[in-house]
Amino acid sequence: MASRPPEAVPGAASGRSDTDPDAIARLLAAADALARRRHRALLWVPAAAGQALARGLALWHARPWVAPLWLGPALAPLAADDVCPLPAAKARTRLGGEHDLVIVDAVSPEAGFDPDAFGALSGTLRAGGLLVLLTPDDWGARPDADYARLAEHPWRAEQLEARYLARLARLLVAAPEAMRWPAGGSPVLPVWPPAPASLPVPTDPDCLTGDQAEAVARLVRLRRRRPLVLTADRGRGKTAALGIACARLLARGESELLVTAPRPAAVAGLFERLVALCPGGRREGHCFRAGTATLTFLAPDELSARVERGDAGGPGTRLLVDEAAAIPAGLLGQWLEAFPRIAFSTTVHGYEGAGRGFALRFRERLERLTPEWREWRLEAPIRWAEQDPLEALTARLLMLDAEPVAPGGGALRWQLADRDALARDESRLRALFGLLVQAHYRTTPSDLRRLLDAPGARITTLEDDRGPQGVAVTGDEGGFEAGLAERVARGERRPRGHLLAQSLAAHAGERAALTGRLRRVLRIAVHPAARRQGLGARLLEVERQRARAEGIDLLGASFGAEPGLLAFWQAQGFWAVRLGLSREAATGEHALMVVQATSVEGEGLALRLVRRFHRQLPALLAFELADLDPGVVLALLAEGDAEPLSDEDRADLEDVAHGHREPALARPALQALIRRAAPLAGGAPELGLLAAWAFQGRDETWLANRLGLTGARQVAAWRRRTVGAWLSVPRLSTDEAGR
């Protein structure tokens with residue numbers, strides 16, 4: 001491998017300590033010792049930029065590493081012909097690969113520390129690998145270049161606090177597992193514990209651990225209505241187990257397999273196993289064909305759309321869901337009902353998503369719909385041995401294993417967190433972040449940085465004697481001057497941040513959403529053991545009172561449109577004002593925005609937004625939102641004004657219910673009935689399905705599939721019964737109906 005002598009790198013600080021051959025030799029010997037133990041480690045290099053980069057390049061050139069990776073901006077003026085840095089934004093493209101050396105440049109002036117990229121790439125290192133972190137020697141004294149992503153208008157990155165980086169530096173100084181190469185000295189190597197005992201060789205020749213072999217066996221013999229849930233920390237081979245099982249299912253004649261995950265990169269290991277174990281097959285994009293058998297990867301939104309059309313699912317079908325924690329529970333539930341044989345695989349403590357949150361949210365539905373479901377946890381690591389120093393350290397730095405504290409005793413009290421104090425209180429920060437992890441389907445390492453350093457973010461907690469049991473995180477938006485607000489509304493400017501305010505201005509046409517003051521609830525979470533006790537409502541009441549006292553006009557939130565979540569926000573007095581026209585590819589849900597007025601000016605703004613939304617809603621349901629969940633449709637219709645049924649409406653409805661009137665010719669009357677009945681329905685599924693037909697154009701075939709009926713005649717009879725039942729409700733004739 002051609003390379004220049006490290007000492008000749010332009011811009012490097014002078015002195016033997018920069019690229020001391022003895023220091024490099026010691027580090028290589030440490031890597032060899034790690035390889036014998038099947039362990040990995042982190043090397044922290046806190047130094048001036050020139051010195052740190054020179055040391056990184058010296059390690060890069062010290063031996064012919066297998067697939068070395070340099071993460072960061074271009075190296076000029078410290079150019080090297082054989083180094084092609086990977087931008088942090090493309091870190092996920094390396095998932096599924098393996099590296100012996102990963103160098104993270106967080107020291108160059110234009111570089112920064114990306115927590116998500118660091119977490120993702122740490123799992124690609126194999127045994128004996130080194131993760132080299134280059135940082136300034138005063139890391140945490142100021143924000144780095146990556147803080148530009150946090151600097152919402154009108155803030156600049158250099159104006160922000162760097163509590164998160166300072167915390168990382170403190171943890172690294174105290175970390176017994178970390179190797180350090182300080183600016184003015186030689187590498188400091190830890191004393192690692194004794195090597196772990198070797199694991200027994202599995203009897204399955206395609207598997208590397210007994211855990212993986214058992215997972216494959218369970219996947220292959222998956223039984224009807226007995227879903228399998230596979231859980232594991234990173235590096236345990238669960239995705240490879242899916243691939244091995246798929247290869248065997250295809251080999252035994254399974255004609256069609258479906259696989260889904262938040263993104264195609266998540267199942268790269270699955271396709272690698274298929275290619276290796278099915279030499280006669282071929283991969284074509286997101287499909288793998290072996291003779292007449294096919295395995296197809298579908299993104300969650302596409303899979304959901306196919307299920308709703310009746311093009312996926314049904315008797316004899318099989319679905320494998322990888323990284324299920326990063327997919328909303330509503331979609332998982334839809335697939336659970338559609339596929340008789342289904343397996344869910346998820347990472348418990350990973351760089352994105354949270355298996356614990358998945359288990360807490362989804363277990364109830366599994367118990368209700370498929371009480372004979374099974375679970376298998378893969379414990380033994382594959383890419384490295386147990387007690388791996390890097391795994392433990394990365395989990396601590398990024399809080400990948402954060403857990404909330406169990407409820408204790410004493411009265412609950414609310415607190416406005418001091419972020420300076422919180423950044424230095426590791427146990428309280430861990431408990432608070434653990435609440436957010438278990439409550440949200442996708443909480444990433446960068447969210448911890450946002451929690452500590454995002455400008456304007458505030459953290460409200462409800463705590464007992466043991467610690468936080470509920471948390472709300474908010475951020476302020478709006479306050480634009482009129483000229484800028486006009487340019488944003490016309491699409492000519494897009495300042496960073498202000499999601500709620502900008503969306504309501506650009507898509508709902510309300511400039512006042514930008515000139516006014518809005519406060520968005522970014523996250524709200526309650527301990528699972530303390531749910532259904534009103535803690536979420538108490539947190540929102542605290543935020544509501546504070547918003548009123550501080551002159552905020554609107555309190556709002558944005559979340560995936562799901563009936564349960566929408567019901568919570570409606571119960572707290574919030575109104576829907578905008579709904580995304582397409583499903584988000586990774587979540588399969590439409591983004592919904594809700595607001596509540598907290599000032600006199602806010603009342604007028606909220607009223608205009610609500611009226612505009614409900615004026616648009618019927619047309620949107622007929623076209624762009626024709627695939628929206630019927631439960632969400634019904635909940636949104638319940639918010640709108642609904643006049644009492646006229647005599648003409650009642651006559652048309654009587655003809656549908658008790659005569660032979662073609663329902664399509666009485667659609668306006670049916671829509672009026674649904675709008676009037678929606679506030680009284682309490683989420684009644686049958687009224688939601690009737691709304692899907694009347695407002696969204698869902699046909700008889702779709703209704704028959706959802707109702708379990710066999711044809712158009714049965715659907716027509718069901719529709720007559722449903723209309724007749726609601727027509728007989730006395731309250732529909734009074735002004736009591738309506739929200």
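**Briefing: strands, overall build and a pocket**

Val102 stands opposite Leu131 in strand 4. This pair comes from a predicted model. The protein holds 26 helices and 20 strands.

**The sheet**
- Strand 3 covers residues 99-105, and strand 4 covers residues 125-135.
- These two strands run parallel and are joined by six bridges.
- Five strands make up an open sheet, in the order 2-3-4-1-5, with parallel pairing.
- Strand 2 (69-71) and strand 5 (179-180) are the edge strands, so each pairs on one side only.

**The whole protein**
- Along the principal axes, the C-alpha atoms fill a box of roughly 95 × 65 × 55 Å.
- Buried residues make up 55% of the 739.
- Among contacts with a separation of 6 or more, 75% are between residues 24 or more positions apart.

**The second largest pocket**
- Rolling a probe the size of a water molecule over the atoms shows where empty space is left.
- The second largest pocket holds about 1600 Å³ of space.
- Its lining has 48 residues, and the closest to the pocket centre are Glu337, Asp629, Pro630, Gly631 and Arg706.
- Several helices give two or more residues to this lining, including helix 8 (300-309), helix 21 (630-637) and helix 25 (700-707).
- Helix 9 gives the largest share, six residues.
- By type, the lining residues divide into 19 nonpolar, 16 polar and 13 charged.

Notes
Residues are numbered from 1 along each chain as its sequence is written. This is a predicted model: local features need pLDDT of at least 70, side-chain atom pairs count only at pLDDT 80 or more; totals for chains, interfaces and linings use all residues. Side-chain values use heavy atoms; hydrogens and water are left out. On a 1 Å grid over the protein atoms alone, a cavity is a set of points where a 1.4 Å probe fits but cannot get out, and a pocket is an open set with protein on both sides within 12 Å along at least five of seven lines; lining residues have an atom within 4 Å of a point. Grid points are joined across faces, edges and corners, and a volume is the space filled by probe spheres set on the points. Helices (H or I, at least four residues) and strands (E, at least two) are DSSP runs, numbered from the N terminus. Ala, Val, Leu, Ile, Met, Phe, Trp, Tyr, Cys and Pro count as nonpolar, Asp, Glu, Lys and Arg as charged, and the others, Gly among them, as polar. Buried means under 20% relative accessible area, exposed over 50%, partly exposed in between (1.4 Å probe, protein chains only). Contact means heavy atoms within 4.5 Å.
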